[in-house]
Amino acid sequence: MVRKSIHEINRKIEDGDVNVVTAEEMVGIVEDFGVEGAAKEVDVVTTGTFGAMCSSGLMLNLGHSESPIKIQKVWFNNVEAYSGIAAVDAYLGATQISDTRGIQYGGAHVIEDLLREKEINVHATSYGTDCYPRKVLDTTITLEDLNEAVLINPRNAYQNYAAATNSSKRILNTYMGELLPNFGNVTYSGAGVLSPLSNDPDYETIGIGTRIFIGGAQGYVIGNGTQHSPSTGFGTLMVKGNLKEMNPDYLRAASFTGYGTTLYMGIGIPIPILNEKLAAATAVRDEDIITKILDYAVGSRDKPSIRQVNYSELRSGMVQIDGKDVPTSSLSSFKNARKIASELKDWLKCGEFFVTMPVERLPRKGLVKPMKQTQAVPLVKDVMSDFIVTIKKNQTVQDAAKKIWENSFNHLAVISDSGELVGILTAWDISKAVAENCFDSVESVMTKKVLTCAPNEPVDIAARRLDRYGVSAMPVINTQRRVLGIITSDNISKLFARRY
Amino acid sequence: MVANIDSTYGELIADVNDFRFDRIKNALESRGAIVSILDRPIHRDDEECVECGACISVCPMNVYGFDVGWNVQVDEKKCIQCGMCIRMCPHGALKLGE
């Protein structure tokens, strides 16, 4: 039975004869020597991960100005930060996008720019008080001008994460990258065998106070992360580290097309091997880490699971969905995860890093809750117009023009003889037909690829579809493609006008 | 070869031998096709690239892949300039060459 203490291990680190391996190497060691043999030989196993961690941000202090200002609103390079804490403290979130540069530049980019010693423009406003009379402030600062610049990331280093795919007919832009239609690809994130929390699933050594590698500096776990859900194996960490000690190799801003910005964080956590149980835990392999592939075509919170898959299958580059080979992509960098685990190993071996036990363990039980919503989600059927004007596809353009005029209604739903929606025709299409001197059937001028929605879809999903494809109205159809109504941007804006 | 042809319009991308190119070009142009050389292959900025591999699953021509060290390899010659990878790369490391 192996029982080591943290002090023994730290003494070995100091003496320079500590035995450290990465979590990848540990798999082979436990296979060759068994759990007891590995626990005797190995003192510390290092883990690493380098991926998009949206719940990250910088807590900073500017120092007081002359004359003093109690900052109410503040922008760093036109990215708004939160300053509702004291006078010159501010929190800049990674996913806050720029007011002026769209989703290509956000909080994460400001943080990386600061780290790279670039100059950052600060604009601040305030309502002014007797003790803080100043109302507007503009200045330019660099990282070393700040008093404190500490990364305090509320949710990092997920223990596990679902993979993503897309069953719809259109490309989806998500925080899991671009998802190609008809199960065109699967994206995933996570370091698998090297993933920190996956190597200590009972949170024996990873807890409050655990010293970690973060962004190239030494930092700490300060608690469980938000949305920590240990009962389902989805633990998260809240971490802190001093930006002034970090390295841009391990902290990189990123932007996902159509989604927004995020911060790629490099995190590595050493796991002291105090007993056989920890040796066994750190021998976890890619094939032992199982996750689901969720279908992002469904815009709701609970997305359907297409199938289960393990990290070995994901990393192979190809998974099977319905008998078809689907290519996979990682969004996190396994190469950098290895680099981090290896660098942390070097720090330990060189006596530059000492391991700690947590001062308080993370909760091992608990489930993340969804948001409580006190206002019912309006559905398409609650806001749609049920006054619809239809026209048969073999009727003429002239009939269509007449219907639009007589009904003062711009969108005609074109139906087949059996009553199914086959197209849509608007005054725009009529104008085009007249301009081209074409007065044939409705079928020849109508738009065949009609965007539609279902009566039980939430209004937000329908609104998004109208917005995304730039259309002004969508017929509401049932599963037999019968037109039940029509929803226009008017219906939706009236709904939102009432809300606000 | 990759083709997309319907009743009103068609596009075709093919890999042809250098010495046969002129003959093929003339044959297609004499039948009314427009022929252009795809000579602006994808370019990767090695400083920006974090070797995540996001580009791998969206490329229709398998330009990208991992080597044994989990570095992303780029085979520019296969690139057909569709631009999918440019939108996919979270770090803006990919651009079409000038």
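Among contacts in chain A between residues at least 6 apart in sequence, what percentage join residues at least 24 apart? The figure is 67%, where two residues are in contact if their C-beta atoms, placed from the backbone, lie within 7 Å. This is a predicted model, in which local features need pLDDT of at least 70, side-chain atom pairs count only at pLDDT 80 or more, and totals for chains, interfaces and linings use all residues. Residues are numbered from 1 along each chain as its sequence is written, while chains are lettered from A and ligands numbered from 1 in the order in which they are written.

**Chain A overall**

- Chain A has 12 helices and 31 strands; these are DSSP runs numbered from the N terminus, with helices (H or I) of at least four residues and strands (E) of at least two.
- The C-alpha trace of chain A spans about 90 × 70 × 40 Å along its principal axes.
- Of the 500 residues in chain A, 43% are buried. A residue is buried if 20 or more other C-beta atoms lie within 10 Å of its own, exposed if 12 or fewer, and partly exposed in between, with C-beta atoms placed from the backbone.

**Contact between the chains**

- In the contact between the two chains, 16 residues of chain B meet 26 residues of chain A.
- The side of chain B that touches chain A has eight nonpolar, six polar and two charged residues. Here Ala, Val, Leu, Ile, Met, Phe, Trp, Tyr, Cys and Pro count as nonpolar, Asp, Glu, Lys and Arg as charged, and the others, Gly among them, as polar.

**Helices 8 and 9 of chain A**

- Helix 8 (residues 397-407) of chain A packs with helix 9 (residues 427-435) of chain A at an angle of about 140°, and their axes are 10 Å apart. Axes are lines fitted to C-alpha atoms, for helices over the stretch in contact, and angles run from 0 to 180 degrees between N-to-C directions.
- That angle makes helix 8 of chain A oblique to helix 9 of chain A: angles under 35 degrees count as roughly parallel, over 145 as roughly antiparallel, 65 to 115 as roughly perpendicular and the rest as oblique.
- From helix 8 of chain A, A:V397, A:A400, A:A401 and A:I404 meet A:A427, A:I430 and A:A433 of helix 9 of chain A. The residues of this contact are seven nonpolar, no polar and no charged.
- A:V434 is also in helix 9 of chain A. A:V434 counts as partly exposed because it has 13 C-beta neighbours inside 10 Å.

**Nonpolar cores**

- The largest nonpolar core has 121 residues, and A:I111 and B:C55 have the most contacts inside it. Such a core is a set of buried Ala, Val, Leu, Ile, Met, Phe, Trp, Tyr and Cys residues joined through C-beta atoms within 7 Å.
- Another core, of 30 residues, lies apart from the largest one and includes A:A400 and A:L421.

**Backbone exceptions**

- Most residues other than glycine have a negative phi, and most peptide bonds are trans.
- A cis peptide bond, with omega about -10°, joins A:E66 and A:S67. A:S67 is in the loop between strand 4 (57-61) and strand 5 (73-76) of chain A.
- A:Y203 has a positive phi, near 50°, and lies in the loop between strand 14 (186-188) and strand 15 (207-208) of chain A. A:Y203 is buried because it has 21 C-beta neighbours inside 10 Å.
- B:E51 has a positive phi, near 60°, and is in the loop between strand 3 (42-44) and strand 4 (64-66) of chain B.
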